[in-house]
Amino acid sequence: MTESNSSPRRAAAFVLYVVLLGLSLLPGGALWTLWLVPAPLIAFHVTGSRRLTILLASLYTIFLVLAGWNVAAFAIGAGAYFLSWVMGDAMLDSESPYPALITGTFVFVMIELVLLAFYRWSGGHLYADLSNAMTASIAQDQGLLGATPTADATQAINVFITWLQTSLPGLLSVLAILIALVNLVVARRLTGRHVSQSILFDWRLPGSVVGVYIIALAIVMLGALRSIPLWWQAANSAVMVASFLLGIQGIAWVWRRIYHHRYAKLWLTLLVVGGLLQFVRSIYVLLGLIDMMRRVPRT
């Protein structure tokens, strides 16, 4: 990348960094902005500004301390720099976006675990606090209507907390994949490093994902390991992560057929929004399975 091309891109990355830094000082802002701060740092790393990346990561750590994050600020600041390093190097070493996506996902999972550990160290109890907050919210809403919380509302909260306890590892993994993907897309835009085809066009899962999904789904449906909490949690998390990846495979299958359509990006937006519905997500997973089976080599 030439100096004339990199200067405006560095300026755009710096503007994004300053905006995120300012937002991190707002009440609750640091919790939301920390997931996107690595993107401009990745851009600086890719454009050759390694020392500036270290400086900006250190400055971000100071802002987190000012925002009240204490010890966790140093771990998150180091994580942001490490993300810029590993994802930036992956972008420089390969035209494929997947090495950067995979390494970024691993680091974001570690950051999520640091946040959970910091929350516990600060005296918080995730499930109890979440249950109390939901109960208070329902009580407040029903109080405005002159009603009292019903047994059904309490039961719904208990069901949700039980689901969260069972699926938390899978949920953290799915969120890490999404956050890494967003950072990768933003960093590629900031640096101007575009591959010849979109990420979805080249999305190819290994065949083992289908095997893991089928086995884990069978375990969950049969309740085979329900008496062993660790394995039951692992099976539910495996189903969640595998179905998420297969859902993307299903969207990719559709995308490859509308890629050259005039309104392809509009259709892609509708496909993603439709994924918010459980029924539509199930269709995507089915399409992903069909696409995977169609690519199995015949002997």
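This is a short talk through one predicted model, from the whole chain down to a few residues.

Okay, a bit of housekeeping. The model is predicted, so local features need pLDDT of at least 70 and side-chain atom pairs count only at pLDDT 80 or more, while totals for chains, interfaces and linings use all residues. Residues are numbered from 1 along each chain as its sequence is written, and side-chain values use heavy atoms, with hydrogens and water left out.

So, the overall picture. The chain has 12 helices and zero strands; helices here are DSSP runs of H or I with at least four residues, strands are E runs of at least two, and both are numbered from the N terminus. The C-alpha trace spans about 65 × 60 × 40 Å along its principal axes. There are 299 residues, and 40% of them count as buried. By buried I mean under 20% relative accessible area; exposed is over 50%, and partly exposed is in between, with a 1.4 Å probe and protein chains only. Now contacts, meaning heavy atoms within 4.5 Å. Take those between residues at least 6 apart in sequence: 72% of them join residues at least 24 apart.

Let's zoom in on helix α9, residues 208-222. How far apart are its end C-alpha atoms? They are 21 Å apart, which agrees with the 21 Å that 15 residues should span at 1.5 Å a residue. That expected span is 1.5 Å times one less than the number of residues.

Which residues of α9 are buried? Val209, Val210, Tyr213 and Ala216 are. They cover an arc of only 140° around the axis, which puts them on the same side of α9; the arc is taken from the directions from the helix axis to the C-beta atoms. On the other side of α9 you'll find Ile214, Ile215 and Leu222, which are exposed. And what do the buried residues of α9 pack against? That would be α10 (229-258) and α12 (278-294).

Searching the whole structure turns up one salt bridge, that is, a side-chain nitrogen of Lys or Arg within 4 Å of a carboxyl oxygen of Asp or Glu. The side chains are those of Arg256 and Asp291, at 2.7 Å from N to O. Arg256 sits in helix α10 and Asp291 in helix α12, so the pair ties together parts that are 35 residues apart in sequence. Both Arg256 and Asp291 are buried.

Next stop, a loop. Val37 lies between α2 (29-33) and α3 (38-46). Is Val37 buried or exposed? Val37 is buried, with a relative accessible area of 2%. Leaving out residues up to four places away in sequence, Val37 touches Leu20 and Tyr60. Also, the C-alpha atoms of Val37 and Ser84 are 9.6 Å apart, although 47 residues separate them along the chain.

Last, the rings. There are eight aromatic pairs; rings of Phe, Tyr and Trp (its six-membered ring) pair if their centres lie within 6.5 Å, with planes under 30 degrees apart called stacked, over 60 edge-to-face, and the rest tilted. Tyr81 and Trp85 have ring centres 6.4 Å apart and planes at 35°, so that pair is tilted. They're four residues apart in helix α5 (residues 71-93), about one helical turn. Tyr81 is partly exposed at 26% relative accessible area, and Trp85 is partly exposed at 41%. Elsewhere, ring pairs link Trp69, Phe118 and Trp121 into a cluster.
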